[in-house]
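I opened a new notebook page for this protein chain. I want to see how its parts pack together.

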Amino acid sequence: YLKISKLALAFAIIHSKPPGKSSKEYTEYLAKTVSEQDFGWKWKVEVLEAEVLRLRQELLLNRISPRFCLENRKQDASAETLLGQESINPTSYSSQLEDSGCDVCNDSAFDSLGIASDFHQSEHNVNTSIHWLERVPPLNLCHTSKEQSVTAPVHFLQRLLEIRKLSEGGILQADFSELENDSFTICNSVSQLLDGLTVFYNSPKFPAPGFLTEGVRVLISLITDTKLSNHVLKKCFKKIEEFKKNLIQIILRNRSVNRFQALHSVSQTLGLLGRNNILRNSLISLLLSEVRQFAEQLLQACQVQSMYDIIQYENISLLFMILEQLLQNETEESNISSSDYQGEEKIKFLKNLDQIILHLSDEFPLFSLYLWRVSVLLNSGQMQ
């Protein structure tokens, strides 16, 4: 039946082709017309899906705290005025949230993203909490679709964090058990944010757009919040693991000439993710695996006098930096050192490490030193 249908379609195209056009040209024209129509429908579907998600987000927020949503409706007029100012001066919104770390040309500026990890530990007093409803307008969603992939979920997650802050300060009543009843909305919002961040980290711009650094800030606040992190990690753990893997590969595979500035911001984000107790051990395992595999490749190249990837050799120094940071820092919620990390990758990494360092130390002294430093940190937990 399929063969007969194809044959009938071919005859129909041949008989209906306009004069002056070959059958091939007419077929290509028809295929292009149909594909354009398909693209139009796909775009419409994406727009409708985004609108459905936005409505579900509003409904979820309303279920968690009806009063919060009512107060925000009263703020719409003033928020529109602030959005107009934001379109004229994009940095104005960032300045309202202290230092958002927009200028990654300055390392200390991007380091300010670390403030986000302590978001839930900030002071909670009545006056400060009341002003949250007034000082944080909705993000401008009138961007390109690429930018909206970050700003749309950030808008929802910011409001979720606002409710959390106000409820903890006793200003609002909130029922966060509703997050258990609507896993789709929270999962899709976090997934959309992670996908958007990955896209921008793959093709970074300088200075970093405000919505990008704000996206990282909101993500870190979300996973470090004592009340919200369990809901988010339980539903989005696989997606966050995929995000970490993507960031590691972005570091290893970036071959642009001026790449280290961009890669530093990626490594900062990985370091911030590693502050979470649940995410840290899996991140250490991923980093140890990549370092071990490259060390083995480098040893093999050294033994047979073959070529090795010089770009990856340069980039992997950032993985060492993140590893040392994670293994040296103590956890935020306990006094247990990260050097107490135990895992299968630790055993694989330490196995035959002395021999690898011995063979690489002459030609790659700095790389060997990094390996030795990591091994010392891994073993320090056993010696305590």
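**Entry 1: the whole chain.** I noted at the start that this is a predicted model. I counted secondary structure next. The protein chain has 18 helices and 0 strands. I then looked up burial. Of the 384 residues, 46% are buried. I also checked contacts between residues at least 6 apart in sequence, and 77% of these join residues at least 24 apart.

**Entry 2: the core.** Which residues have the most contacts inside the largest nonpolar core? I found Leu160, Leu319, Phe367 and Leu371, in a core of 81 residues. Helix H14, residues 277-304, gives the most to this core, with 12 residues. Where does the core lie relative to domain 1 and domain 2? Domain 1 (144-275) and domain 2 (281-333 + 340-383) both give residues, so the core lies between them.

**Entry 3: Leu371.** I picked Leu371 and set aside its neighbours within four places in sequence. Leu371 is in contact with Val291, Ala295, Phe320, Phe349, Leu353, Ile356 and Ile357.

**Entry 4: a helix pair.** I turned to H2 (residues 23-64) and H10 (residues 183-202). Their axes come within 10 Å and cross at roughly 125°. That angle makes H2 oblique to H10. The crossing of H2 past H10 is left-handed. Which residues make the contact? H2 uses Leu53, Arg56, Gln57 and Leu60. H10 uses Phe184, Thr185, Asn188, Ser189 and Gln192.

Technical notes
Residues numbered from 1 in each chain as written. Predicted model: local features only at pLDDT ≥ 70, side-chain atom pairs only at ≥ 80, totals over all residues. Heavy atoms only, no water. Core = buried A, V, L, I, M, F, W, Y, C linked by side-chain atoms within 4.5 Å. Buried < 20%, exposed > 50% of the residue type's maximum accessible area, 1.4 Å probe, protein only. Helix = DSSP H or I, 4+ residues; strand = E, 2+ residues; numbered from the N terminus. Domains from an automatic or database assignment. Contact = heavy atoms within 4.5 Å. Axes fitted to C-alpha atoms, helices over the stretch in contact; angles between N-to-C directions. Parallel < 35°, antiparallel > 145°, perpendicular 65-115°, else oblique. Left-handed = near helix turned anticlockwise from the far one by under 90°.
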